[in-house]
Amino acid sequence: MSELFDAVDALVASASPLPPPAERKRLRAAHGLTLDQVAGALKVRRATVSGWESGKTEPRPPEREAYARLLKQLAELYPAPANAAVPVEDTAVPETFTGPTAPATGEAAEPRTLSTGPAPDAAAMNTEQNTQRPARTAPSRPAATARPSSTSQRPAAKKATAKPATAAAGFDPRFENGPLAVVDVEDGKVFAYCVGGLVLDVPAKSIPALVDWTLSEAKLGAPKLSGPGKDADPLIVLTEAACERYGLPLHLTEEERLSGRLPEGHKVIKQLARADWQLTKRGFGPWARIYRPAKGSERMCVQLCIPGWDALDTRHWGEAGQLPPAELARLLGTYASRVMTPRGSTAVTGLELMTALHPPTRASEPDETGKRHSEHNPGSLGKDPVDPAPCEAPDGHPLLADLPRFHKRGPDEVLVEEAYDWARSLTDAECLRSNLVGIDVNMAFAAGANGTIVGLGAPTHVKNPRFDPKLPGAWLVDLSHVDLSRVLVGKEWKDLDGEMLPSPFTPKGDRPTGPAWYATPTVAYAVELGYDIAPTEAYVRYENGRYLDGWYNRLRDAYVDTMADLGVTADLSPEDFLAAMAEHKQVDPQLAIVLSAIKATVKGGIGKLRERPRGEGWRSGEPWRALSRPTWRPDIRAAVISRTRINMHRKLLKHAAATGQYPVAILSDCAVYAADGPTPLDFLPYKDGKPLPGGFRLGVSPGMVKHEGNQTTLWGEGVREEHGPELNLARYIKDGNVTTKDDGE
């Protein structure tokens, strides 16, 4: 009887239903499978699977049953859109447009292929509703040109409701294919992977031709972020295979890496010069900008990103540079739509985002002849750099060239506004507690930038000024009389243990000993604590505004939306928030990389406001390249860091006044407390589910806190005994691994 059953099974298998050839290819591509992977699983040749997908041949038993089973399972994961049915006899690849935005989290991008010809008009996609345009059939071509999208669905992962990446108000047909493309080579053919699963054929055989194709046919780029701004230039990411195809080295030599560019005599640079393309002063490096001078409002510029040359710093982008092209396009596309198209490192992009939101110039009203002119854009930093005040200038600045050699400036000569790096010994009572628990402020520097009034123009020097908390600047004032053992908290005077708290006025937490330079938020906090102050000197900026508010809003939305896609939302209870944070990176590892890049964009952008010399043969007292930027503004950086540190101290103070608990270590935006349990809920005061007003609050929004890590109190005492009492436990609270090297945050 079993032989009869086997015969029946074989008969059924010989006629297992199969979808049309084009649908077979779509299903394979949707799951990110290559022809080789399918061929290996079915134990057939690659050409055999290719023939099944092109319709030239049909599978026969026993492979037919296994192939049908594979396709059936893929069809359940990636059902075809109702309006994208493909005729059985049509072997052309279906072209389904889903717009330039990134696919929803946890959903596979539908593969789309295009010949390099005219593209149809389309409306922007709503990724939440998966709205798509009517499908049309692309011009017929060999099936081998269809490329898979490697973004795969992860059925086992926790799925969160994905929000659309922050998209423009309307669809722009000029940038129909999204902000960027990852160019790769397979089987001798060049393909460009775009956002949303689209794959384009690339006919270019050289870098100059690739630039031409990008600007003339690829329809890549992004609309401007503000009215008087400029559209984002298209970004082309070159894989190692693409580098090899276009005559570029796979990796830079040590000398090239140190200089950050290829030598001027490289053949690719000569090709660009012959084609009348130019490079910026950065040359042809990991983030090369290739352009021709603009003609009127028409810009001709393409940004290249070369991961093989370490363009994507692993500290911020993780293993993004090792991802398959389609997945890398999805990751960078999500970042581009929520922040902006990358213009370099996350730090460079953070700075460029400020300019994109507040361009230095705008078009004037028409004059008597009807012609418009370029004029200063109010609220921006303008197009010309301004000198800092002498106290704001870092060592080596041309303003300080007359100082004696090796002169070390004291607090009354230089403005030092930096993040906290403070620690103290544990008390006997704290040693009896079982745990040390670290809490970290979300997007602390972004929250510090929000609402901060910063100078827009040059400083004005004044003597014996009257302090104005709304006037940005640097103030020379003596704050040594501020006593933290008796301070004004809200409207009440509180008696505290001042020795258990860091001073809010210095990065190391030491109490000031005399007059020193401070940014406006620091001096304003001394007044808030109930103390009189009398500045003797100041450099103030009467032209000012909340320049960073738009920057903060965009990065906040990018952060919160990405966290929501990872399952961490604003409506979670404290317990659920901690649970969601514990596993959010596993929900979608690629979106976790986007999150890391967003956070690095904040810190890097603020740091770039006071960029120091980077080699280039610089000598002390000479100007360096960054000084020529209008966005080289150490005063703005100082104001943001000052406000960030003051925000932290205000929470520390209110927590101490309400609970009698004091931090044992602080590093930048991380504070460590001794507790009787391993989570923040073991020491943060919550009453009826509500946090202490003005204190630390668990949550996803910038300025709220999350669990940074916890270790035992015995661990803390042990590492301090081994490495010294000055060891900052906040630096190592996350994983407990103490290194002798000071590796920063």
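A search of the whole structure finds 38 salt bridges; a salt bridge is a side-chain nitrogen of Lys or Arg within 4 Å of a carboxyl oxygen of Asp or Glu. The model is predicted, so local features need pLDDT of at least 70 and side-chain atom pairs count only at pLDDT 80 or more, while totals for chains, interfaces and linings use all residues. Residues are numbered from 1 along each chain as its sequence is written, and side-chain values use heavy atoms, with hydrogens and water left out.

**Salt bridges**

- Glu58 and Arg24 meet through their side chains in a salt bridge, at 3.0 Å from N to O.
- Glu58 sits in the loop between helix H4 (46-54) and helix H5 (63-77), and Arg24 in helix H2 (residues 21-30), so the pair ties together parts that are 34 residues apart in sequence.
- Helices (H or I, at least four residues) and strands (E, at least two) are DSSP runs, numbered from the N terminus.
- Arg24 is buried, at 3% relative accessibility, whereas Glu58 is partly exposed, at 39%.
- Buried means under 20% relative accessible area, exposed over 50%, and partly exposed in between (1.4 Å probe, protein chains only).
- Arg424 pairs with Glu430 in a salt bridge, with the closest N and O atoms 2.7 Å apart.
- Arg424 is buried, at 9% relative accessible area, and Glu430 is buried at 9% relative accessibility.
- Arg546 and Asp549 form a salt bridge by their side chains, at 2.7 Å from N to O.
- Arg546 is partly exposed, at 49% relative accessibility, but Asp549 is buried, at 15%.

**The open sheet**

- Four strands make an open sheet in the order E16-E21-E17-E20, and their pairing is antiparallel.
- Strand E16 (460-463) and strand E20 (515-519) stand at the edges with a single partner strand each, so one side of each has no neighbour in the sheet.
- From one strand to the next, the twist averages 20°.
- E16 and strand E21 (residues 537-540) run antiparallel and are joined by four bridges; two strands pair if DSSP finds at least two bridges between them.
- Thr460 stands opposite Val540 in E21.

**A helix across the strands**

- Helix H15 (residues 520-528) lies across strand E17 (473-478) and E20, and runs at about 110° to E20.
- Axes are lines fitted to C-alpha atoms, for helices over the stretch in contact (heavy atoms within 4.5 Å). Angles run from 0 to 180 degrees between N-to-C directions.
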